[in-house]
Amino acid sequence: MSKNIGISKETLRAQDRTFEKFRRMATVIQDSNDAITFQDLEGKILAWNRGAEIMYGYTEIEALGMNIVDTVPKEYQEEARGFLASLKRGELVPTLETKRKTKTGQIVDVWLTNTKVTDDKGVLTGIATTERDISERKRTEATLREKFRELDYLRAGQIALSESLRGEQMIAGLGQSILTHLVPFTNAQVGAFYIVNEAKELHRVSGYALSKSEQINPKALKIIQFGEGLIGQVAIDKRTLRIDDVPPEYFSKIQSDLGELVPRSLLICPILYENEINGVIELGSLQPFTEHHRIFLSHVSENIGIAINTSIVRKKIQKQNEEFNKTQILLEEKAKEVQRASQYKTEFLANMSHELRTPLNSSLILAKLLMDNVKGHLSIEETQFASSIYSSSKDLLNLINDILDLSKVEAGKLEIRVEKILLSEIMAGLSQTFEALANEKKLTFSITKDFGVPEIFHTDRQRLEQILKNIISNGIKFTDNGSVKVRLYRPLNSRHLAFEVSDTGIGIREEQLAFVFEAFRQADGAITRKYGGTGLGLSISRDLTQLLGGTIEVKSQLGIGSQFTLILPEMLVASSNKGSRGPTFSVENSKYYARQSQNRISLPFEDDRLLLTDPRPMILVIEDDLKFAKIVLDVSHEAGLRCIVGQGSDEGYEMALHYSPHGILLDVKLPDHLGLTTLSRLKANSKTRHIPVFSMSVVDYRIQTLRLGSIGFLEKPAKMQNIRHSLELLKTHLERTTRRVLVFAQGLNEKTILQLLTDQNVVITNLMGAIPSGIPTFSNLSTQLSTEQFDFLVFGLSAESPLALDFLENVSEEQNSKWPPILIYIERPLTRERDLRLRVAEKRFIIKVATSPERFFDEVALVLHLDEAKMSSVQKQMVTTTRLREQIFEGRKILIVDDDVRNIFALTSALEQKGATILVARNGQECLDKLDQDPLIDLVLMDIMMPEMNGYEATQRIRRQSRFATLPIIAVTAQAMVDDQEKCITAGVNDYISKPVDLEKLQSMIRVWIVG
């Protein structure tokens, strides 16, 4: 026992030393704001600073008699004792968060830091704790957690609400979608949705779980005035209203199959858009609404307000759209009426064109035949009568064309082509046209150009001349005494040119000036009756002027005269003209391919058409591929040639007549007609027949072009050296002053041939005279052709001597390619067997056959390019006689399909005169019957407008028969509207010509297709 007492005393002395140490440490930390306490291993408090006094409310004296467990709430005391037990075992939790109880019983949250206390020997004797009150922090954290929950709640609700607001919803459906989301989300059971109508009243549009008596009655909708009841008051206050413990009688009962419920809490929220009330939401719940619910509704009210406004705007737009649709339907009906009227007008114009052109066609053809008086049976007076008929018919044709031009302008389908022109040429043309007419009326006619007016002008030449001719012809027509003057000048400070046409005629009343440009209007009815005319000229001139980017000004005084001034831009840009591009048509017909009616564009480069005084030879290139044309132009310049370019068949032909080029390079594939037609027309016209033509194409038309009179053929696509070679051949041909001919003839043929060739610088090699024996062999002929270059070879072929045919049959393919064109003179028809042999030879050689001296000379003139203007009168008569009946027409069967007897008579007269045999069909069905009866018909001239079966259907039915796949068909129609040509080509015709028929052009077409 004494030993134990001793140990105890020692232990007490150690504790005393520890306590003393604690006291010294406690003294140091007395002023700490944290609570610092010391306890022994049993939990008895050994030290207590001021921070502890403040936190717990116990003084140090009170605390020193307490155990630390006394400061722990009862529910945590067992945990505290366990902590002390673990401390005795040497275990210690350095920091932890726990709760403590103050002297007043208040529970505080504390953060506890534990530190072991040991003696000098390291023996654990107690524990020191630092305690900090974290109640405020815990409250803050709780508040933040609550805020986060609130935000999550709001976010989830807003996302779900946004989904319900999606899509195009009308206002009732929108309200139902909103209530369907809000009622369950806020733990409500019933709801109503109100919007503000145009009368500023609250109108209930949707409900949720309302009783039957509260459902919306479409005929008597629930209306609440502003300020009426709680709903009306919320609308005025613009603040959310929450009421709990609402009396049961306020709500209608919520019914279900199991029973009825009565809400006890009310939440009413205003809906605002741009701070203006546009709706109210009312919710009822069995449980009180929380602050979260109120805050949520306040947050989403703006989005709901936007949705309501959008729905209202959408409804207005929908109403406007409905009104717009009604208006649009009315406009469409009006547009259809206008379209029908336009269609009727187009059909009227087409029908009128047909009705006028059909009789006009026969008048022009017959008048032309009488004018030509090829047989010399008519007197001079009679030919003048025919000339007068022809002139009057041409005037009528011009009137028809004016009407169609007016229609094309209105449809925006009139073609405008910008080109460089010389004003001097325009002036010269106007002088030539109008001086004689002015002299007849004894009027002074003059054209002057002011200083400073440029010589070169960029516009559409055809349309410019059309406008000026209309204005000048009006001036002359309405002027009986005095003058008509044309003045060209440049307006001050302007890049425009002015064409002023002034006359001293009858003048126009001031009140009539506004009507002079209207179609079918002139100054007044009396003037129209006295002076004639339709008034279309000025109307067309006005529209054409607008297409050319200009204006027409008019000044006039009654009895004194008028002044019309055409003002145009000096340089019209092609892309700025208002003429719509017409359609491009294409068809592949048998082995021929013709692109039809493609609008031309302005040349993107300058050719040499303005270099009129340049001494270099000029060639005309007729080519629609402008890139290729530019290459030819450049190569021409390299070869020392001038070059001008035409883009179509008709344009190229007109340029050949106008410019008289020295040579022509002709593409066969042209947009308006095959170049073969152009070649045929050039060789049929005495003014262009002598011009050498070099043909070219991507399709091998070598045989056809050489037979029609071409001097060579260039296959495309062509290499540069081939283009140069072709131009060199053309240039060499131009520079040669003599032509070389090899002749092999016997008997009378020889004498006749030599007499006809002895002229025009022709060098003749007579094979009969060059052979001592007088009987040449094939070897002699081949040697002669291989050693010398000849322009053509002439055979005099008699019925008794088939020697020439023997020669031709022995020529190899290689030799054949080097032979020049062959002209065979036959003194009388061959036997059937020899005729068949000749036809076989024609497939290998370029062979022309002449059966009379006149025809022989005409073919010689064609091959040698003899200028008819330089021929003797006897030679000219021979050529004229030959062209009355062309060998190419002799014996050819041509079927004319037309229902108009006048056209049949006129065309039959013209073609029979050429030597053709004519068959007639009055409609498409008769045409098919004629072809069945005689399938050897060579060509069909097909009218389009016919009874029973029109030309379109007849052509299509012909093409369905394989035996007629290559039968040439030329459409001859009085219709001249934009799409007529497309319809004809689509039906299957090979070519197209409109009435009134240009006989020369038609005959050229027939030559091409019969040869083909």
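Two strands count as paired if DSSP finds at least two bridges between them, and helices (H or I, at least four residues) and strands (E, at least two) are DSSP runs numbered from the N terminus. The model you are looking at is predicted: local features need pLDDT of at least 70, side-chain atom pairs count only at pLDDT 80 or more, and totals for chains, interfaces and linings use all residues. Residues are numbered from 1 along each chain as its sequence is written, and side-chain values use heavy atoms, with hydrogens and water left out.

**Exercise 1.** Work out how S3 and S4 are joined.

*Solution.* Start by locating S3 at residues 95-101 and S4 at residues 107-118. Next, look at their bridges: there are 7, in the antiparallel sense.

**Exercise 2.** Continue from S4 to S5 and describe their hairpin.

*Solution.* First find S5, at residues 124-133. S4 and S5 run antiparallel and are joined by 9 bridges. Then pick out Trp111, whose bridge partner in S5 is Arg132. Between the strands of the hairpin lie 5 residues, and Gly122 takes a positive phi near 85°.

**Exercise 3.** Now zoom out and summarise the chain.

*Solution.* Begin with secondary structure: 31 helices and 37 strands. Turn to burial: 49% of the 1012 residues are buried (under 20% relative accessible area, 1.4 Å probe, protein chains only). Last, consider contacts (heavy atoms within 4.5 Å): of those with a separation of 6 or more, 65% join residues 24 or more positions apart.

Notes. Buried < 20%, exposed > 50% of the residue type's maximum accessible area, 1.4 Å probe, protein only.
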